[in-house]
Amino acid sequence: METALTNKTIVLGVTGSIAAYKAADIASRLTKAGAKVNVVMTEAATRFISPLALRSITGRAVATDMFDLESQYTIEHISLAEAADVVVVAPATASLIARAAAGISDDMLTLTLLATKAPIILAPAMNVNMFENSVTQENLAKLKARGFIIVDPAHGRLASGRVGKGRLADIDQIMGAIQQVLAKSGDLAGKKIVVTAGGTREPIDPVRHIGNPSSGKMGYAIAQAARDRGAKVTLITAPASLLPPPGMAVMPVKTALEMKQAVTKAVKGADALIMAAAVADYQPKSVARAKIKKDALALTLELVRTPDILAEAKGKFLKVGFAAESEDIVANAKKKLKNKQLDIIVANDITDKKSGFGVDTNKVTLIDKKGKVEPLPLLSKREVADKILDKLLVFLPH
Ligand code: C5P
């Protein structure tokens, strides 16, 4: 699977914080995603985690000492800095932040920070007092003004036993920042894309609703793929079983009506609207204020149509819809494409168990407004997401 990280060269700087062991997780995730990870450690970092561990995880040399005659990096000591697509320091101590702000280059890591032209991301981790100290804050402000990207530390229990801001940010946040930086050169860079996902819930009374089994996986995969290709993404999500992905604006909604309002707001200035959400077609005419008692043997609910969000969305943006079909897939999807005035429709066969609701794979046919019909094999939802975006690119004005 191609991601923003595939074949990218990343310098991962590690400094002497108790959170240094978390660098192993970051190195592992980056390596698994196909990046070449060159770890650079400060002397203090090597007291917390062994260079051998990071070397084993990345399968690449780990730089520690500027003057190590055995190191392949010593002779051309700025080669690491030059080869980097991005430099990430996680965790970054107060000392590293201070030295970077002052332009000091007294070890391999600070030297790399000074010599690189690549974007630099710092994820600070330290005691709360050290973090809040005005010197550290001034240094961070200086670095931010120079274009450094700071992934703010989290609030929580610190190694000192105190509770406050200073814990290394969540690894997902750090990964999201790296992906976002690398995606800036992607083929959707500068485009604004709105994606809907999940299944709406239409309340019957305070404790019951009409829903559907949408997991949100297809919509989330599209939002993540678009983010990784450089788009500015807004994900409007009805209830789904997934965590909000980093690196995008996330608008949670429950009902079809709420989704319509969110879409109307988000599509202003957008280049595309991709409606992957399973929107309820009907909602109860009225919502009971109190829990409905089960005294009666039968209960009739009066339902009314929800607005067709996609058909009613008007603007200059491209429109992509989904059609979950169980028969005459292509013919029915073509009808929807026309009726809702779409640019692309993604038709899927919901009778296939490996396709559609809940699973990680999907088998779809892409149909566009020019009448081109492209059946795809069974793919992961992420692969399907990239295929949809490839097609979208064809219709996006350059
Ligand atoms: O007409 P049908 O519900 O099959 O169309 C599916 C497409 O329309 C999906 O992209 C879905 O997100 C969207 N839709 C909508 N508003 C509705 C129902 C469906 O935007 N009320």
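This is a predicted model: local features need pLDDT of at least 70, side-chain atom pairs count only at pLDDT 80 or more; totals for chains, interfaces and linings use all residues.
1. How much space lies in the largest pocket? About 880 Å³. Rolling a probe the size of a water molecule over the atoms shows where empty space is left.

2. Look next at what surrounds that space. The lining of the largest pocket counts 39 residues. Those nearest the centre are Ala277, Ala278, Val279, Phe322 and Ala324. By class, the lining divides into 18 nonpolar, 13 polar and 8 charged residues.

3. Several elements build this lining. Helix H10 (217-228), helix H12, strand S17 and strand S18 (344-349) each give at least two residues to the largest pocket. S17 provides the largest share, with 5 residues.

4. The ligand belongs here. The space it takes is the largest pocket. Around the ligand stand 14 residues. Met275, Ala277, Pro307, Phe322 and Lys336 come nearest to it.

5. The shell around the ligand has its own make-up. By class, it holds 8 nonpolar, 2 polar and 4 charged residues. Helix H12 (309-312) and strand S17 (318-325) each supply at least two residues of this shell. H12 and S17 also each give at least two residues to the lining of the largest pocket.

6. Check the polar atoms at the ligand one by one. A backbone N or O atom of Phe322 lies 2.8 Å from a ligand oxygen atom. For Leu310, a backbone N or O atom lies 2.9 Å from an oxygen atom of the ligand. Thr306 uses its side chain: a polar atom there lies 3.4 Å from a ligand nitrogen atom. On its own, the ligand has 450 Å² of accessible area, and the protein covers 85% of that.

7. Move on to the second largest pocket. About 630 Å³ of space lies in it. Its lining has 25 residues, and Gln179, Gln224, Arg227, Pro245 and Pro246 lie nearest its centre. Helix H9 (171-183), H10 and helix H14 (381-395) are the elements that give two or more residues to this lining.

8. Which element gives the largest share of the lining of the second largest pocket? H10 does, with 6 residues. H10 also supplies at least two residues to the lining of the largest pocket. By class, the lining of the second largest pocket has 11 nonpolar, 5 polar and 9 charged residues.

9. Two backbone details remain. Most residues other than glycine have a negative phi, and most peptide bonds are trans. Where is there a cis peptide bond? A cis bond joins Ala90 and Pro91, with omega at about 0 degrees. Pro91 is found in strand S4, residues 86-92.

10. The other detail is at Asp328. Phi of this residue is near 40 degrees, a positive value in a residue other than glycine. Asp328 lies in the loop between S17 and helix H13 (329-339). S17 is the strand that gives the largest share of the lining of the largest pocket.

Technical notes
Residues are numbered from 1 along each chain as its sequence is written. Side-chain values use heavy atoms; hydrogens and water are left out. A residue is near a molecule or strand if one of its heavy atoms lies within 4 Å of it. A polar contact is a pair of N or O atoms within 3.5 Å; within protein, one must be able to donate a hydrogen and the other to accept it, and residues adjacent in sequence count only if both atoms are side-chain atoms. Accessible areas come from the Shrake-Rupley method with a 1.4 Å probe; for residues, only the protein chains shown count as cover. On a 1 Å grid over the protein atoms alone, a cavity is a set of points where a 1.4 Å probe fits but cannot get out, and a pocket is an open set with protein on both sides within 12 Å along at least five of seven lines; lining residues have an atom within 4 Å of a point. A molecule sits in a cavity or pocket if more than half of its atoms lie within 2 Å of its grid points. Helices (H or I, at least four residues) and strands (E, at least two) are DSSP runs, numbered from the N terminus. Ala, Val, Leu, Ile, Met, Phe, Trp, Tyr, Cys and Pro count as nonpolar, Asp, Glu, Lys and Arg as charged, and the others, Gly among them, as polar. Grid points are joined across faces, edges and corners, and a volume is the space filled by probe spheres set on the points.
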